[in-house]
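The sequence and the structure come first.

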Amino acid sequence: MGSQGHSLALTLLPVLLLELTCSSHSSLVKVNRGLKVKRGQSAYLQEGDLQFHIPIQKDACKVEIVLNEPITQRVGRLMPQVFDCQYLTDEVKYIHNGCPLLKEDTVKLRLYRFTETETYLEEFSLHVDIVEPECSIIKLGPKSLEVPEFYGLSDAVDGNVVSFHYERKSSLECSIHLSHHDTHLPAHGKLVTGEPEKATKRGDEPESFIHLRQQLDNKARAMCKSEDCLKGLKMVKFTKISCDEFLMMGLKYQHIDPPSPDLDYITIRLNLKDTRSGSIFQSERAWIPVKIVGAMPNQPPKPSFMSMFILEVDQFILTPLSTATLDAEDEETPKQLLVFNITKPPVEGFLTHLSDHTRPISSFTWLDLNDMLIGYQPPNSSHTQRRNYEVEFEVHDVFFEKSPSITVSVSVRSADTNAPRVSWNMGLSLLEGQSRPVTWNQLQIVDNDNLNAVRIITIDGLLHGRLTVRGGKGFMFTVDDIKAGMVHYHHDDSDSTKDFIIFRITDGPHQTRHKFPIKILPKDDSPPLLITNMLLEVSEGQTALLRGSTLQASDTDSNDDYILFNITRLPQAGEVMKIPGPGLTGYPVTHFLQRDLSQSIVYYRHLGNEVFDDSFEVVLSDFHDPPNLSEPQVVMVHIEPVPDQPPKEVPGSSRCVVIRETEVAHITRQQLHFVDQESPDSELTYTVTTPPFYTGPHSSSLDAGRLFLVDSIPKFTKDSNAPVLRLFTQHAVNFMKVAYMPPIMDIGPYPQYIQFVLAVTNHLGKTVPGICFNVTVMPVDNQPPQTFCFRSSPTL
């Protein structure tokens, strides 16, 4: 990859394509630190990783990811495709696809600076370093998959081949996704389950015959396109399965395509989904290697001997390349997956993709070459003699092996015609809603005999804008009008990204048609839109999560994660709050981000009062300065009434006390504790329905003691004047205000067992009767002994 990276760097070095001439000696890029990403994971551009020499307060500035460069973003992708130069944290993300073969990648970027009258454009590369992760969810080994022979079958993928390491909790769902379409892997096998039917021995035939028949069966299975001929195996059809099921399903690799390299790969993506919000909490990718015994190491592509490697071009005419001019072949990689890298561009002119023929390219796919979408744009200078140039290429296969250098000779012959022709067409680039002159730098026209007679007439296009000539409406103009900057395109400020103009160019006797492309970069002028606003349901007195599937917004111009929900009218029966994590204290909020919704930290809490329909109003805004604001949106909340429940006893309440007859004792919440969701402790009332009474065999008095209020006596001791307590609250119990006083008189030599009965009632009148509370009063020997004398009777 070192040489590849070097050649790529040469190709992508300052191609300063300025719409209007700008100093080519200084780059608009001030800082380019690149990016470091862990294999199979993702990484964000941090503030300061990319900085530009552009006054943000004065000029608009956009960065676009160039997508039609297949030699870039080979093992990952950067997103979003267009972002502001002042990007936000966690906005621009590179996702690595898990490939173990490369240690670096490159992303080609296009920088736009928009002043009021000019567009400056510069292309540059972002380097991506791929490092081994210290900690990952997917771990390979200790066992590796192996196919013993061509058309053979591997062992099953189980926990010895790959394992998944994450915190298992009910709110996380782990799933595996097969991603063949993203990586075209496995390249030489298919995925199956089940056990193949074994070849049976016939009579006394040698073992070698059985093995030969087994090989033939394996080959038939490999060529089979349906389950009818798989003989015991089943084709894998799932795209998503739980992580545990993936390791238990008996997934196997069936080799189908010799000759093949000795290594192939099964590519998987693991998603950890937050089941509360429905968002992806974490994602990781990996390539599981499969060794094919007996196969050769991967071989590089080779030039095709059927191609001429010569391109004949007419002066000024954009000429497509074909596979007759340039072609390559590879025994192990299908042609449509081959990538051509331009290691030495032509000295004059450039290679381009016909989807945007105004920009040079540094690479292309064989598929685009075969479809004749790759062309050579000759230089816009006129010569009387034939000119010859050379272009050098390398061809890369799906496993990144590259061919020896391939040279194509380009021969540009001089033109021999008096018809007008377009010699240079760079199109226009502008910001949404802006206008730009069509200048000689963008559109050049030549005519051998009479350039002054040439007229350019608009005949089609202008779907999202209009053309003016010398300030007025115009559909026809001259070459002098272009050179004087009198032809202007005005965009209509719609949310469009492309426009075009079809010109008919004539000098009288001759005419031609030509398409002039216009690229529009979006500006952040649209407010976010609420695309999902479902009724939120919550049980009375409870808290409900505001899921991303319940409330979701989108913004065409900026990152959805940073859409701000401003609560402009608060709910009446509850509150919107953030709870940052399990076990953490929540707090009311008046605004939250869409990212907070996806991270499952925004909740609605019902306050418990008897209101069963609620709502709150939000206005959505983005992070543009000033922000774009949406119309007010109402979020409806339905509170499901909970049947009124009586108070419930807290588990562990003892409902008993042991006391000495000479003391008094507090009734505490450890002994008597009821709770009620509808009532605070101060409204939870106890009634003494049966005063204290004796339950044991040794009761000697009608006085079984009393409940009293602590504050009703001067000292916390036995006091016969203490008023009897009939009503009290749980709040009074919690604060040690309720106590029991034993009988005033001595209870005798035995412990006395006393009981009283309570009923507890909440503020709605729901009552729990028959609450028995047991008291054991222990005797205290505090009386002096008495002496009794007995007179003996005389003996009869």
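Two strands pair if DSSP finds at least two bridges between them. Helices (H or I, at least four residues) and strands (E, at least two) are DSSP runs, numbered from the N terminus. The model is predicted: local features need pLDDT of at least 70, side-chain atom pairs count only at pLDDT 80 or more, and totals for chains, interfaces and linings use all residues. Residues are numbered from 1 along each chain as its sequence is written, and side-chain values use heavy atoms, with hydrogens and water left out.

**Overall form.** The chain holds 8 helices and 63 strands. Its C-alpha trace spans about 170 × 95 × 45 Å along the principal axes. Of its 796 residues, 48% count as buried (under 20% relative accessible area; exposed is over 50%, partly exposed in between; 1.4 Å probe, protein chains only).

**Strand pairing.** An open sheet of 3 strands has the order E3-E8-E6, with antiparallel pairing. Strands E3 (42–44) and E6 (76–79) are the edges, each pairing on one side only. From one strand to the next the twist averages 15 degrees (axes are lines fitted to C-alpha atoms, for helices over the stretch in contact, and angles run from 0 to 180 degrees between N-to-C directions). E6 and strand E8 (residues 93–96) are joined by 4 bridges, and Gly 76 stands opposite His 96 in E8.

Strand E2 (residues 35–38) pairs with strand E10 (residues 119–131) in the parallel sense, over 4 bridges. Leu 35 and Val 37 make up the covered face of E2, Lys 36 and Lys 38 the uncovered one.

**Salt bridges.** A salt bridge is a side-chain nitrogen of Lys or Arg within 4 Å of a carboxyl oxygen of Asp or Glu. The count by this rule is 25, including the pairs below.

| Pair | N to O distance |
|---|---|
| Lys 62 – Asp 84 | 2.8 Å |
| Glu 64 – Lys 519 | 2.4 Å |
| Glu 195 – Lys 252 | 2.8 Å |

Lys 62 is buried at 7% relative accessible area, whereas Asp 84 is partly exposed at 28%. Glu 64 lies in strand E5 and Lys 519 in strand E42 (residues 511–521), so this pair ties together parts 455 residues apart in sequence. Glu 64 is buried, with a relative accessible area of 5%. Glu 64 and Lys 519 also belong to a network of salt bridges with Glu 69, Lys 108, Arg 110 and Glu 123.
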